[in-house]
Amino acid sequence: MISQLRPSRFMPAGHNRIDVSFEFFPPKDEAMEATLWDAITRLAPLMPQFVSVTYGAGGSTRERTHATVKRILAETALTPAAHLTCVAATREEIDGIVRNYHDAGVRHLVALRGDPITGAGDKYTPHPGGYENAAALVAGIKRIAPDFEVSVSAYPERHPDSPTLEADIDTLKRKVDAGATRAITQFFFENDLYFRYLDRVRARGIDIPIVPGILPVQNFGAARNFAARAGATVPAWLAERFAGLDHDPATRKLIAAAVAAEQAIDLLDRGITSFHFYTMNRADLVYAICHLLGLRPQVQEAA
């Protein structure tokens, strides 16, 4: 069980030792667009290291990602990181996307293999003529524009398609050897899983930052389903905390804030100073956790 909150060990307000980044997904309609930009506006004053925008294979999702990234560049002072996958595209198509991002001023990509688009239970198959995996994608990005910063994924509990954790770490090593400069983990709820994974990764000579991905539980049922697809464990103690609250959203929100705050503060107490938050395009819980970590809004002076 993770530690209790210890206010005396919070970072002081404005301390510059903490780095955070936020993940958003592109909106599907006008209402979702408004929700997204409300979240971006709320979180932007915390001065994240970057904000990432997820990406799905196929035309409409891909275009929504592009539009969101370009709007962030045009209308905010934030640094966007665009997700890119190997799914449903040839190398030439993906290379064109990479060049378009570079021409638009984007200098950070999150390179992912991606999931099969035909169904959760289907086996991933590389697109004919496409990049076969994330390591190949990283190498392709760096070949086109060496100045790209490239983040990749990491899995403290093993990617569902990897036969063993060691095989999964082999995959991470190939991505690093291809030029990845940061790994962001799949979300997890037991911090000891992360630290055991970190020990194994470092033992393999992988020395890039392994940034913990934190998922504040906006909806427990949805988070449990997401975890099942991602290969993440939902511990019994977490399920117990949300038990009986299906029709009590106000209490669920309080419990969610407490759980995520406990996790983040415990990581901080154990020496972790970089955090990546899966926001689900909602700002309130993430903002509260960042406040507990010692982050305060930065007021930008007028020119």
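**Helix α3 and beyond**

Author: Helix α3 (residues 91-104) has 14 residues, which at 1.5 Å a residue should span 20 Å, and its end C-alpha atoms are 20 Å apart, in agreement. The expected span is 1.5 Å times one less than the number of residues. Helices (H or I, at least four residues) and strands (E, at least two) are DSSP runs, numbered from the N terminus.

Reader: Which residues of α3 are buried?

Author: Ile 94, Asp 95, Ile 97, Val 98 and Tyr 101 are buried in α3. Buried means under 20% relative accessible area, exposed over 50%, and partly exposed in between (1.4 Å probe, protein chains only).

Reader: Where do they fall, seen down the axis of α3?

Author: The buried residues of α3 fall within an arc of 155°, so they line one face of the helix. The arc is that of the directions from the helix axis to the C-beta atoms. On the face turned away from the buried side, α3 carries the exposed residues Glu 92 and Asp 103. Just after α3, Gly 105 takes a positive phi of about 105°.

Reader: Before I go on, what is the provenance here?

Author: This is a predicted model, where local features need pLDDT of at least 70 and side-chain atom pairs count only at pLDDT 80 or more, while totals for chains, interfaces and linings use all residues. Residues are numbered from 1 along each chain as its sequence is written, and side-chain values use heavy atoms, with hydrogens and water left out.

Reader: What is the mean pLDDT of the chain?

Author: The mean is 89, and 90% of the residues reach 70 or more; pLDDT is the predictor's confidence in each residue, from 0 to 100. Over residues 1-16 pLDDT stays under 50. Where pLDDT is low, the predicted coordinates should not be read in detail.

Reader: How many helices and strands are there?

Author: The chain has 10 helices and 9 strands. Of its 303 residues, 49% are buried.

Reader: Which residues touch the most other members of the largest nonpolar core?

Author: Phe 22, Leu 172, Phe 275 and Phe 277 do, in a core of 70 residues. Another core, of 20 residues, lies apart from it, and Phe 187, Val 217, Trp 237 and Phe 242 are among its members. A nonpolar core is a set of buried Ala, Val, Leu, Ile, Met, Phe, Trp, Tyr and Cys residues joined through side-chain atoms within 4.5 Å.

Reader: What about α10, which residues are buried there?

Author: In α10 (residues 284-292), Leu 285, Val 286, Tyr 287, Ile 289 and Cys 290 are buried. Their cover includes β1 (19-24), α1 (30-43), α9 (249-269) and β9 (274-278).

Reader: Is Asn 281 buried or exposed?

Author: Asn 281 is buried, with a relative accessible area of 4%. Asn 281 lies in the loop between β9 and α10, and its phi is near 60°, a positive value in a residue other than glycine. Met 47 also has a positive phi, near 55°. Met 47 sits in the loop between α1 and β2 (50-53) and is partly exposed, at 44% relative accessible area.

Reader: And Ala 180, where is that?

Author: Ala 180 is in the loop between α5 (165-178) and β6 (182-185), and at 5% relative accessibility it counts as buried. The C-alpha atoms of Ala 180 and Val 150 are separated by 5.0 Å, with the two residues 30 apart along the chain. Beyond neighbours within four places in sequence, Ala 180 is in contact (heavy atoms within 4.5 Å) with Val 138, Val 150, Val 152, Lys 175 and Ile 208.
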